[in-house]
Amino acid sequence: MTTRMAGREMSPSYSIRRLTRADVPAMVSIIEATRREYGVQRRMQLLLEPSDLDMHTTYQELRSDYFVATHAGIPAGGAGIAPLAGVGEETCELQRLYVSAPHRGRGVGQLLLNECFRRAAILGFRKCYAETISEMKEAIRFYEANGFRRLSAPLGNSGHGHVDRWLSLNLAVE
C-alpha cells in the first residue's frame, strides 16, 4: 500500500523519530554527500560545520529538535528546527533538511517537514524561516509548494553567509 503526498507516491515503510547519537555519522554522511552533489564546497570554507558534526548536542538546546527518517532502520534523511537568532521568540529556523539521493521523491522530505511543523507549533513558534542556495532548485520548489514565500534578504542571524535564497512561512493559523 502507498500513500499519495503532493502528487507523489510515498512508501509507508518510512518512519520518523528523534535524532539519536547513533544517527549522527549517517546524517553527517547524507549532509556531506548532498552538499557535494550541489557544489556547496564552492561557497563554504568547510563543507561541514562544527554544528553538523555535533548535531546531537546542537539539538539538545532549548526549543530545538531534529528528526530522522528511517527506512528499514537506516537513516534516509533528516530535518530540524531551532530558534532563529536575532528575530525574537516567534520564529524558528528549519535546519539541515537533507534526504539521501535514493530516497528522494518518495515523500520523505514531506514527512520530515510535517514533523518539524508539528514540533514548531508545540514549541510555540508562529513563523518558520528557511535558507538554501540557488543551485538547490528542487528544495526551493519544495519549500514554495509547502507555502514558503521568498524573501529578498536574510532574516536574523543564522550564521550562514554562503546561502543566497531565503524563505519564510507563517505557521500561525488565523
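Analyst: Happy to; what follows is a set of questions about the labels, each answered from a value and its definition. This is a predicted model, in which local features need pLDDT of at least 70 and side-chain atom pairs count only at pLDDT 80 or more, while totals for chains, interfaces and linings use all residues. Residues are numbered from 1 along each chain as its sequence is written, and side-chain values use heavy atoms, leaving out hydrogens and water.

User: How many helices and strands does the chain have, and what makes a stretch count as one?

Analyst: The chain has five helices and nine strands. Along the sequence they follow the pattern β-β-β-α-α-α-β-β-β-α-β-α-β-β.

User: Why is Leu19 called buried?

Analyst: Its relative accessibility is 9%, and buried means under 20% relative accessible area, with exposed over 50% and partly exposed in between (1.4 Å probe, protein chains only). Leu19 therefore counts as buried. This residue sits in the loop between strand E3 (14-18) and helix H1 (24-37). Across the chain, buried residues make up 49% of the 174 residues.

User: What does Leu19 touch, and what makes something a contact?

Analyst: A contact means heavy atoms within 4.5 Å. Not counting residues up to four places away in sequence, Leu19 touches Val24, Met27, Met55, His56, Tyr66, Phe67 and Val68. Leu19 and Asp65 are 46 residues apart in sequence, yet their C-alpha atoms are 8.1 Å apart in space. For the whole chain, residues 24 or more positions apart account for 65% of the contacts with a separation of 6 or more.

User: His56 is on that list. Is His56 buried or exposed, and how do you know?

Analyst: His56 has 16% relative accessibility, so it counts as buried. This histidine lies in helix H3, and beyond its neighbours within four places in sequence it is in contact with Leu19, Thr20, Arg21 and Val24.

User: What makes a group of residues a nonpolar core?

Analyst: The members must be buried Ala, Val, Leu, Ile, Met, Phe, Trp, Tyr or Cys residues joined through side-chain atoms within 4.5 Å. The largest such core has 24 residues, of which Ile81, Leu94, Leu97, Leu112, Tyr143 and Phe148 touch the most other members. Strands E4 (65-71), E5 (74-83), E6 (91-99), E7 (127-132) and E9 (165-170) and helix H4 (108-122) each give two or more residues to this core. H4 gives the most, with seven residues. A second, separate core of 21 residues includes Val40, Leu48, Leu84 and Ile133.

User: How do you know that Gln110 makes a polar contact?

Analyst: The side chains of Gln110 and Asn146 come to 2.8 Å. A polar contact is a pair of N or O atoms within 3.5 Å; within protein, one must be able to donate a hydrogen and the other to accept it, and residues adjacent in sequence count only if both atoms are side-chain atoms. The pair is therefore listed as a polar contact. Gln110 is in helix H4, and with 12% relative accessibility it also counts as buried.

User: Why do E4 and E5 count as paired?

Analyst: Two strands pair if DSSP finds at least two bridges between them. Seven bridges join E4 to E5, so the pair qualifies, and the two run antiparallel. Val68 stands opposite Gly78 in E5. E5 is also joined to E6 by six bridges, again antiparallel, with Pro83 opposite Cys92.

User: What makes E7 largely enclosed?

Analyst: Five of its six residues are buried, so the rest of the structure largely encloses E7. Three bridges join E6 to E7 in parallel, and six join E7 to E9 in an antiparallel arrangement.

User: Why is the unit of E6, H4 and E7 called right-handed?

Analyst: A crossover is right-handed if, with the strands pointing away from the viewer, the path from the first strand over the helix to the second runs clockwise. E6, H4 and E7 make a right-handed β-α-β unit in that sense.

Key. Helix = DSSP H or I, 4+ residues; strand = E, 2+ residues; numbered from the N terminus.
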